[in-house]
Amino acid sequence: MFEVHGRWQYSIEPPIIYIKVIGCFNREGVIAFAKNVQADLSILPPNSIEYAVINLAEFELTTADSLAVATEYFHGVKARGYKRVTYIKPNFVAKSMLESIWRGSDMDVQFCVNAQSYLEQNPEHQHVKNWL
């Protein structure tokens with residue numbers, strides 16, 4: 001068992017969860033992240049969250065062994081009733097990896113070049129601009 005690598009912050013504002021991931025994630029980091037988020041979401045009524053907004057500006061990537069765990073988590077998001085996942089500022093490699101993970105899933109996946117472009121597309125979310 002390895003030490004957890006990767007950091008995260010999130011804010012749950014039904015029907016949206018805002019997530020910021022920081023650094024490089026190993027398998028243990030992805031598992032810890034998923035458990036942490038699930039624990040907080042489990043206190044909400046089912047299907048309370050329909051949208052995820054994930055800021056990747058400080059994300060560095062994942063290790064090879066964490067990719068299967070991340071894929072499982074992402075596909076679980078669809079099963080839990082999410083309608084859309086929006087990624088903010090993914091680097092080229094992360095965007096390619098995410099497109100591959102979501103391919104064929106029927107999930108509405110969007111990519112924004114930065115937080116400003118996200119807020120321009122979603123002006124009703126201005127209240128989170130400092131958090132993003």
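**Cavities and core**

Tutor: This is a predicted model. Its largest cavity has a lining of 17 residues, and those nearest the centre are Val21, Phe33, Phe59, Ala70 and Phe74.

Student: Why is this space called a cavity rather than a pocket?

Tutor: Because a 1.4 Å probe fits there but cannot get out, the space counts as a cavity. The volume of the largest cavity is about 250 Å³.

Student: What classes of residue make up the lining of the largest cavity?

Tutor: That lining has 16 nonpolar residues, one polar and no charged. S2, H1, S3, H2 and H3 each give at least two residues to it.

Student: And which element gives the most to the lining of the second largest cavity?

Tutor: H2 does, with three residues. Among the residues lining this second cavity are Tyr73, Phe74, Val77 and Trp102. The lining comprises eleven nonpolar residues, with no polar and no charged ones.

Student: What makes Trp102 a member of the largest nonpolar core?

Tutor: Membership requires a buried residue of a listed type, Trp included, joined through side-chain atoms within 4.5 Å. Trp102 is one of the 29 residues in that core, and is among those that touch the most other members. Leaving out residues up to four places away in sequence, Trp102 touches Phe74, Val77, Val85, Tyr87, Met107 and Val109. Apart from this core lies another, of nine residues, including Ile16, Val53, Ile88 and Val128.

Notes:
Residues are numbered from 1 along each chain as its sequence is written. This is a predicted model: local features need pLDDT of at least 70, side-chain atom pairs count only at pLDDT 80 or more; totals for chains, interfaces and linings use all residues. Side-chain values use heavy atoms; hydrogens and water are left out. Buried means under 20% relative accessible area, exposed over 50%, partly exposed in between (1.4 Å probe, protein chains only). Contact means heavy atoms within 4.5 Å. On a 1 Å grid over the protein atoms alone, a cavity is a set of points where a 1.4 Å probe fits but cannot get out, and a pocket is an open set with protein on both sides within 12 Å along at least five of seven lines; lining residues have an atom within 4 Å of a point. Grid points are joined across faces, edges and corners, and a volume is the space filled by probe spheres set on the points. Helices (H or I, at least four residues) and strands (E, at least two) are DSSP runs, numbered from the N terminus. Ala, Val, Leu, Ile, Met, Phe, Trp, Tyr, Cys and Pro count as nonpolar, Asp, Glu, Lys and Arg as charged, and the others, Gly among them, as polar.
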